[in-house]
Amino acid sequence: MKLTTEQIALIEETLVLNGLKYYDIKLEVTDHIASEIEERLCDEKSSFEVVFDEVLQKWKPELQPSFSGLIGFTNPRIMTVKCHKIVKRQLFTAITISSLITLSLMVFVRNSNSELVITNSQGVLRSFVLVEFCLVILAWGLIWKSKIQTTYSYLMKKKSFGLILFLFMIGIGGFPVRLNHPDAKIAFTSVFFAIIYVLITGIYLQLAHKHLQFKKKLSISNT
């Protein structure tokens, strides 16, 4: 039995009232709940209202407020889990790649006695960071301007301020990248944090891209 437009709208409204206001995950959960209700209406002689209430009770644990050490407090548990997985995967990737790049860069620079190589490496990094800074500002503006909210835009808004500030500090030299510092630990730490923020910036720009892709897909489906 296929649900009516009004019945699907009621499911969406109920999810929003339970804190699930982000379009991508709201549509996903709406589809799951609608499919489950349709299946049960075909097998049982119950009304939509009765089945909807029973299915909603089953989903209640997923709609309860929850906490994540990487995200903080969010609304429904299902959203927290999704965002936690995204950030955890991003951090693991960024830390692993940053460690490898930093070690390779330090070995290369320290085996090169040319001061010009060190200066050029730092200059290239700062220029790249400034380009990323401009892209993040652009993406941040598009996200805030967008009327549609997604889990991707949520993560962008939650993390953008610190990211923008740190990129700006690296770009203007406020956070020096000390490739040639005599203390290897200080050199590694400064380069590592600069590289990891460069990589995290790329990842968050991907989140903005996913948000804009979803927005485009949603506008096409609504026409």
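I started with the largest pocket, and its volume came out at about 170 Å³. A reminder to myself before going on: this is a predicted model.

**Entry 1, the pocket.** Which residues line the largest pocket? I listed L70, V87, Q90, L91, K159, G162, L163, Y197, I200 and Y204. Sorting the lining by class, I got 7 nonpolar, 2 polar and 1 charged residues.

I then moved to the start of the chain. Helix 1 covers residues 5-17 and helix 3 covers residues 48-59. Their axes come within 12 Å and cross at roughly 30 degrees. Angles under 35 degrees count as roughly parallel, so helix 1 is roughly parallel to helix 3. I noted the crossing of these two as right-handed. On the helix 1 side, the contact is made by Q7, L10, I11 and T14, and on the helix 3 side by F48, F52 and L56.

Helix 2 spans residues 23-43. How are helix 1 and helix 2 packed? I found an angle of about 130 degrees, with the axes 10 Å apart. That angle makes helix 1 oblique to helix 2. I wrote down a right-handed crossing here too, as helix 1 passes helix 2. From helix 1, the residues that meet helix 2 are I8, I11, E12, L15 and V16. Their partners in helix 2 are K26, L27, V29, T30, I33, A34 and I37. The classes in this contact are 9 nonpolar, 1 polar and 2 charged residues.

One pair was left on my list. The axes of helix 2 and helix 3 come within 10 Å, and they cross at roughly 130 degrees. The two helices are therefore oblique to each other. Helix 2 passes helix 3 in a right-handed crossing. For the contact, I picked out V29, H32, I33, E36, I37, R40 and L41 in helix 2. Facing them in my list are F48, V51, F52, E54, V55, K58 and W59 of helix 3. How do the residues of this contact divide by class? I got 9 nonpolar, 1 polar and 4 charged.

Note on methods
Residues are numbered from 1 along each chain as its sequence is written. This is a predicted model: local features need pLDDT of at least 70, side-chain atom pairs count only at pLDDT 80 or more; totals for chains, interfaces and linings use all residues. Side-chain values use heavy atoms; hydrogens and water are left out. On a 1 Å grid over the protein atoms alone, a cavity is a set of points where a 1.4 Å probe fits but cannot get out, and a pocket is an open set with protein on both sides within 12 Å along at least five of seven lines; lining residues have an atom within 4 Å of a point. Grid points are joined across faces, edges and corners, and a volume is the space filled by probe spheres set on the points. Ala, Val, Leu, Ile, Met, Phe, Trp, Tyr, Cys and Pro count as nonpolar, Asp, Glu, Lys and Arg as charged, and the others, Gly among them, as polar. Axes are lines fitted to C-alpha atoms, for helices over the stretch in contact, and angles run from 0 to 180 degrees between N-to-C directions. Helices (H or I, at least four residues) and strands (E, at least two) are DSSP runs, numbered from the N terminus. Angles under 35 degrees count as roughly parallel, over 145 as roughly antiparallel, 65 to 115 as roughly perpendicular and the rest as oblique. A crossing is left-handed if the near helix is turned anticlockwise from the far one by less than a right angle, and right-handed if clockwise. Contact means heavy atoms within 4.5 Å.
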